[in-house]
Amino acid sequence: MAQTADGYMWLATPTNLLRFDGVRSISMPPPDAQLSEHTVQALLGGRDGTLWIGTTNGLTSYKNGVWGAIPKLDGKTINTIFEDGDGAIWAGGSSKGNGLVCTVRGQLGECRGEDGRFGKEVVALHRDQAGSLWITGVEHVWKWGEEPTVSYALPGRMTALRAVARMQDGAFVFGLKGQVARLGEGKFEPLALPALDKEHTFVKVLQDRDGGLWLGASDAGLFHLHDGQLSRYTAADGLSGNHILDMFEDREGTIWVSTSRGLDQFRPITAASHSTNTNGLEGRSRAILSASDGSMWAGTTVGVFQRGANGNWSARRAGLGTVLEDRHGKVWMTSLSGIGRFENGNYVPARGVPPGPVDAMVEDSKGGLWFAHREQGLLRLQDDGRLERTPWQQLGIAGRVGTMAVSAADGSLWLGLFSGALVNVVDGQARVRYAINETSAPIFRRIGQIRAERDGTLWVATPLGLNHIRQGRISRLDARSGLPCQRVVWSLFDAHFVWLATDCGIVQIDRPEIDAWVAAQDQKREAKVKVRLLDHWDGVPPAATPSALGNLFVSYVISPKMTRSQDGNIWAVTGDEVVSINPSRMPINSVPPPVHVEQLVSDGERYGRPQRLSLPPLQRDLRIEYTGLSYTAPERVQFRYKLEGRDADWEEAGQRREAFYTDLAPGSYRFRVVAANANGVWNREGDTIEFTIEPAWWQTIAFRLACIAAAALLLYGAYRWRIKQLSRRFGVSLEARVDERMRIARELHDTLLQTFQGLVLRLQTAHQLWPSSDGRRILAEGIDQAADAVTEGRDAVQGLRAAASEGSDLAEAIRSLGQVLAADPASPAARIGVEVQGRPRSLHPVVRDDVFRIVGEALRNAFRHAQPTQIEVEIRYDERELCVRVRDDGRGMDQAVARRGREGHFGLHGMRERAKLIGGKLTFWTRLGAGTAVELSVPASRAYAAAAEARHPLRTGTSNDPPAHTIDT
């Protein structure tokens with residue numbers, strides 16, 4: 001076995017070479033398959049990352065995927081390899097029956113010993129602090145490097161490779177047949193192995209960094225000598241096999257042992273197990289107590305046991321029960337049968353206390369003992385032997401009590417019930433009640449422990465977390481707050497840590513973390529605590545649960561579950577065992593795990609690790625495999641990864657060693673992964689792999705730009721086509737209207753105007769011949785009106801031919817028309833007013849004429865039919881529209897007339913048609929006896945001359961336009 005600088009472990013098998021990351025192994029055979037033909041004798045991981053492989057046919061190297069061989073050593077057997085301080089590689093072995101010592105620098109090798117000076121075989125090489133090279137053969141050891149070479153005869157024959165270890169004090173230990181020999185100060189002496197039952201053949205020797213000596217025996221298992229104590233491990237103790245093949249210590253201090261049947265790992269653990277059925281402790285452990293005299297008391301399913309100074313347990317009382325030590329140092333026990341105490345190791349029933357099941361007990365500040373008697377109620381046994389009783393009915397408690405605590409602030413008593421209620425008792429009365437888990441399922445309600453602090457703060461352990469209660473406010477420390485699991489069985493506070501017994505193991509939290517969490521709860525902020533979980537990897541078995549016990553519901557609470565002994569160790573009951581933890585000697589792995597991206601798999605194709613990887617287009621499924629090399633607890637290595645170019649933030653992968661992506665777009669990506677070991681030590685640098693996904697031809701930038709250009713051209717063409725279409729439609733419409741106006745003008749000129757002109761001439765002749773003065777006056781007025789009609793007709797013809805000028809004043813024209821209509825003797829005596837709001841704007845000539853015609857028709861209707869006394873015209877020039885409103889206070893119109901007009905009359909129809917043609921909206925409000933209002937609104941883009949020219953030409957109305965009028969009543 002060996003470990004290279006990149007962190008990988010390498011394992012040589014009879015037919016293959018494996019690279020191992022703690023979770024999975026990968027076969028790494030050389031291209032010429034020479035390892036399958038020749039036995040691997042030795043492995044070495046060089047400081048430069050090279051793996052050196054000694055075989056029965058020479059020396060091979062491997063680095064960064066490149067295999068190499070040392071030509072000078074071809075055909076020679078290499079038994080041992082080590083690296084010198086200057087980077088030189090030393091190899092020991094044999095050739096043609098002579099032991100060899102060879103040095104390798106680069107690809108050059110030089111060997112000594114062909115003359116037989118090192119015997120027939122070299123099996124080990126070591127360099128001492130003075131720079132001398134120690135060469136171990138089968139029967140001798142040579143100290144080479146000073147003149148003359150010194151030889152030492154071994155007290156026994158070497159029978160295996162790697163059976164020599166250089167100790168921390170400079171001496172050498174040799175594993176031999178029947179003994180272990182130590183060479184120090186120039187002489188051999190046997191190494192004393194206490195309690196060794198018989199002679200063994202020791203085939204492997206290793207000293208670890210803590211000074212412990214590991215000895216592998218042939219068919220006899222593994223021995224560990226540390227601080228004068230010898231431990232032995234065999235297949236009966238869980239070792240994979242009894243014949244030891246090799247031993248190795250990795251950079252994290254883990255000891256690896258290969259046997260004829262498998263691979264075993266030895267590493268320091270946090271918790272020492274005090275298993276039941278060993279050292280006198282029987283049954284399944286349920287309670288643990290540290291007494292003031294230094295002894296330990298354990299409650300199990302068999303009974304109560306006391307541990308003496310020699311580490312052995314002695315039975316003190318049969319039966320399951322809770323234990324407690326009072327202020328006098330006496331240990332009390334409650335059980336299903338009653339209450340008693342231990343005196344001189346003997347159980348003495350409490351006098352005056354009625355028999356029956358007792359669920360909990362606690363001592364108050366005055367020395368009184370409180371007992372939760374299931375049948376008799378709440379009992380208090382005073383120091384003088386008197387007994388006080390408070391019935392459960394008086395306290396309003398109907399359920400069972402699971403635990404009790406005395407408040408250090410006011411001396412009151414707190415009861416934790418199976419129902420999840422927390423009750424405070426003062427002077428025989430229940431004063432305060434909290435509902436902790438009462439709304440949960442029954443299995444999650446029970447309160448397991450109450451811890452009362454001096455300031456009145458309570459810590460309550462429940463199946464749903466650890467509750468913090470202060471000044472009536474309840475906060476819960478649970479999985480959402482950082483705990484690895486919900487159920488908290490017990491809590492223990494010391495000066496530096498908070499210890500929690502939970503379902504998933506023992507949780508250690510720094511006190512500053514707890515203080516910060518409490519402060520956040522006081523400020524009503526969310527916060528999480530950083531924890532260290534001690535689980536089966538640390539020697540802590542999982543806690544006993546109802547399912548593990550085979551019960552639907554555990555009907556008792558045996559306590560305490562955790563205690564602190566006088567030497568500072570933390571003792572806890574977890575599962576069926578008692579474990580102890582020395583906080584000052586908890587093993588901490590401070591080595592950040594090396595991180596490697598091993599390969600990329602895309603659409604089933606595997607890719608190695610080039611500097612930059614280019615993938616073909618249209619990759620659908622991509623998988624990146626990575627690893628973190630921490631061997632103390634590889635299943636607890638945590639990973640984070642991020643694909644730059646896609647992921648905005650780090651992805652928490654947990655223990656997963658693969659990342660998956662689907663349908664990645666073409667482009668360049670950089671995958672980064674970091675990892676943390678079981679103690680949360682992060683390798684922030686991690687590893688990266690860069691790759692590019694090539695685009696398909698339709699995904700290229702050139703193709704996209706071409707598509708954008710084509711789309712822009714199409715849009716521009718469509719825009720131009722639409723503009724031309726609108727211009728053509730406007731031209732046709734405008735030309736049609738102009739032609740119609742010209743036709744009407746010609747008709748007026750050729751018919752009506754000529755007729756009026758002739759009438760005027762005839763009337764003028766009659767006027768000159770008429771004798772009567774009144775008749776002449778009336779005839780003169782008729783001539784004047786006929787002349788005015790001719791003038792108006794000419795103006796109309798001129799307007800039809802050239803349209804009104806932009807400078808025409810709409811208000812003045814309406815005012816003039818109103819005065820004319822008001823002066824008509826046939827019209828009622830009505831006042832007319834014209835009001836202009838806003839800044840007058842130049843109107844489109846066609847719009848102006850149509851607006852004037854619509855307003856004129858509205859005025860004529862008002863004068864002729866409404867009989868008004870007041871007519872108002874309001875013209876409003878708005879930024880969004882032109883609005884003209886005509887109101888009268890006349891008699892109004894019938895709704896049917898307003899909707900359809902009078903039969904045989906076309907005034908209202910004409911108004912609506914004109915409004916529709918100019919894109920306006922015509923609205924009528926009328927009610928019989930309440931007058932009529934007509935409002936015309938025209939969008940500014942159509943009405944105003946400047947807006948119409950800037951935006952678009954005037955469009956005539958079509959049958960698809962929205963309705964041009966509404967009617968309100």
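The protein chain has 12 helices and 70 strands, both taken as DSSP runs numbered from the N terminus (helices H or I, at least four residues; strands E, at least two). This is a predicted model, in which local features need pLDDT of at least 70, side-chain atom pairs count only at pLDDT 80 or more, and totals for chains, interfaces and linings use all residues. Residues are numbered from 1 along each chain as its sequence is written, and side-chain values use heavy atoms, with hydrogens and water left out.

**Whole chain**

- Of the 969 residues in the protein chain, 48% are buried, where buried means under 20% relative accessible area, exposed over 50%, and partly exposed in between (1.4 Å probe, protein chains only).
- Among contacts (heavy atoms within 4.5 Å) with a separation of 6 or more, 51% come from residues 24 or more positions apart.

**Helix 7 and helix 8**

- Helix 7 (residues 810–823) packs with helix 8 (residues 845–866) at an angle of about 25 degrees, and their axes are 10 Å apart.
- Axes are lines fitted to C-alpha atoms, for helices over the stretch in contact, and angles run from 0 to 180 degrees between N-to-C directions.
- Helix 7 and helix 8 are therefore roughly parallel to each other (under 35 degrees; over 145 is roughly antiparallel, 65 to 115 roughly perpendicular, the rest oblique).
- The crossing of helix 7 and helix 8 is right-handed, meaning that the near helix is turned clockwise from the far one by less than a right angle.
- On the helix 7 side the contact includes Leu810, Ala813, Ile814 and Leu817; on the helix 8 side it includes Arg848, Val851, Phe852 and Arg860.
- The residues of this contact divide into 11 nonpolar, two polar and two charged (nonpolar: Ala, Val, Leu, Ile, Met, Phe, Trp, Tyr, Cys and Pro; charged: Asp, Glu, Lys and Arg; polar: the others, Gly among them).

**Aromatic rings**

- The whole structure holds 31 aromatic pairs, counted when ring centres of Phe, Tyr and Trp (its six-membered ring) lie within 6.5 Å; planes under 30 degrees apart are stacked, over 60 edge-to-face and the rest tilted.
- Tyr62 and Trp67 have ring centres 4.5 Å apart and planes at 50 degrees, so the pair is tilted.
- Tyr62 is buried at 12% relative accessibility, whereas Trp67 is partly exposed at 22%.
- Tyr641 and Phe671 also form a tilted pair, with centres 5.5 Å apart and planes at 35 degrees.
- This pair links distant parts of the chain, with Tyr641 in strand 60 (residues 638–644) and Phe671 in strand 63 (residues 667–676), 30 residues apart.
- Tyr641 is buried at 5% relative accessible area, and Phe671 is buried at 0%.
- One aromatic cluster is formed by Phe82, Trp90, Phe118, Trp142 and Trp144.
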